[in-house]
Amino acid sequence: MRQPAWTSRGDGWFAWVAAALAGLIGVLGSVAATGPAARVEVAVLSAVTAAGFLVAGRRRLPTPVLAAWTFTPAIVLALRERSEGTMFLLIVALS
């Protein structure tokens, strides 16, 4: 059975999709956040997650580095009790 053409391009496309999702979650989470400090915090940590995916799309990162880069912002938001976007960032990071 022949593989579809899109599978021969590798999996770098997924990093771009995940970065776009993290960015979208950051925008939506910032809008939903209450207070300017929460908005900035959600936006910055979402941007850190998106940056991790963008870097991973360009080069290979060791798995622990990529995991720390993508999970840490979601964990920080959860510990600071900022529910805006936390679960979605965790889902993006898990994928």
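**Figure 1. A nonpolar patch on the surface, with Leu24 as one of its residues.** Patches are made of residues with over 30% relative accessible area and no salt bridge, where like charges are joined within 9 Å and nonpolar side chains (Val, Leu, Ile, Met, Phe, Trp, Tyr) within 5 Å. A salt bridge, in turn, is a side-chain nitrogen of Lys or Arg within 4 Å of a carboxyl oxygen of Asp or Glu, and accessible areas come from the Shrake-Rupley method with a 1.4 Å probe, only the protein chains shown counting as cover for residues. This is a predicted model, in which local features need pLDDT of at least 70 and side-chain atom pairs count only at pLDDT 80 or more, while totals for chains, interfaces and linings use all residues. Residues are numbered from 1 along each chain as its sequence is written, and side-chain values use heavy atoms, with hydrogens and water left out. The patch consists of Trp13, Phe14, Val17, Leu21, Leu24 and Leu28, which together have about 550 Å² of accessible area. Leu24 lies in helix α1, residues 12–32, and counts as partly exposed because its relative accessibility is 48% (buried means under 20% relative accessible area, exposed over 50%, and partly exposed in between, with a 1.4 Å probe and protein chains only).

**Figure 2. The whole protein, with its 4 helices and 0 strands.** Helices (H or I, at least four residues) and strands (E, at least two) are DSSP runs, numbered from the N terminus, and from that terminus on the elements run α-α-α-α. Among contacts (heavy atoms within 4.5 Å) between residues at least 6 apart in sequence, 56% join residues at least 24 apart.

**Figure 3. The largest nonpolar core, with 12 residues.** A nonpolar core is a set of buried Ala, Val, Leu, Ile, Met, Phe, Trp, Tyr and Cys residues joined through side-chain atoms within 4.5 Å. The residues of the largest core are Ala18, Ala19, Ala22, Ile25, Val42, Leu45, Ala50, Phe53, Ala74, Leu77, Leu89 and Val92. Two or more residues of this core are given by each of α1, α2 (36–58), α3 (63–79) and α4 (86–94). Leu77, in helix α3, is buried because its relative accessible area is 0%.

**Figure 4. Helix α2 and its buried residues.** The 23 residues of α2 should span 33 Å at 1.5 Å a residue, and the end C-alpha atoms are 33 Å apart, which agrees; the expected span of a helix is 1.5 Å times one less than its number of residues. Buried in this helix are Ala38, Glu41, Val42, Leu45, Ser46, Thr49, Ala50, Gly52 and Phe53. An α-helix has 3.6 residues a turn, so residues three or four places apart point the same way. Thr49, located in helix α2, is buried because its relative accessible area is 0%. Not counting residues up to four places away in sequence, Thr49 touches Ala22, Trp69, Thr70, Pro73 and Leu89.

**Figure 5. Ala38 in helix α2 and residues placed around it.** Ala38 counts as buried because its relative accessible area is 2%, and, leaving aside neighbours within four places in sequence, Ala38 is in contact with Ala33 and Arg82. The C-alpha atoms of Leu77 and Ala38, residues that are 39 apart in sequence, are 9.4 Å apart in space. Arg80 belongs to the loop between α3 and α4 and counts as partly exposed because its relative accessibility is 48%. From C-alpha to C-alpha, Arg80 is separated by 9.6 Å from Ala38, 42 residues away along the chain, and by 9.8 Å from Glu41, 39 residues away along the chain.

**Figure 6. Ser30 in helix α1 and Ala33 in the loop between α1 and α2.** Ser30 counts as buried because its relative accessibility is 13%; not counting residues up to four places away in sequence, Ser30 touches Arg39, Val42 and Ala43. Ala33 is likewise buried, because its relative accessible area is 3%. Although Ala33 and Ser83 are 50 residues apart in sequence, their C-alpha atoms are 8.5 Å apart in space.
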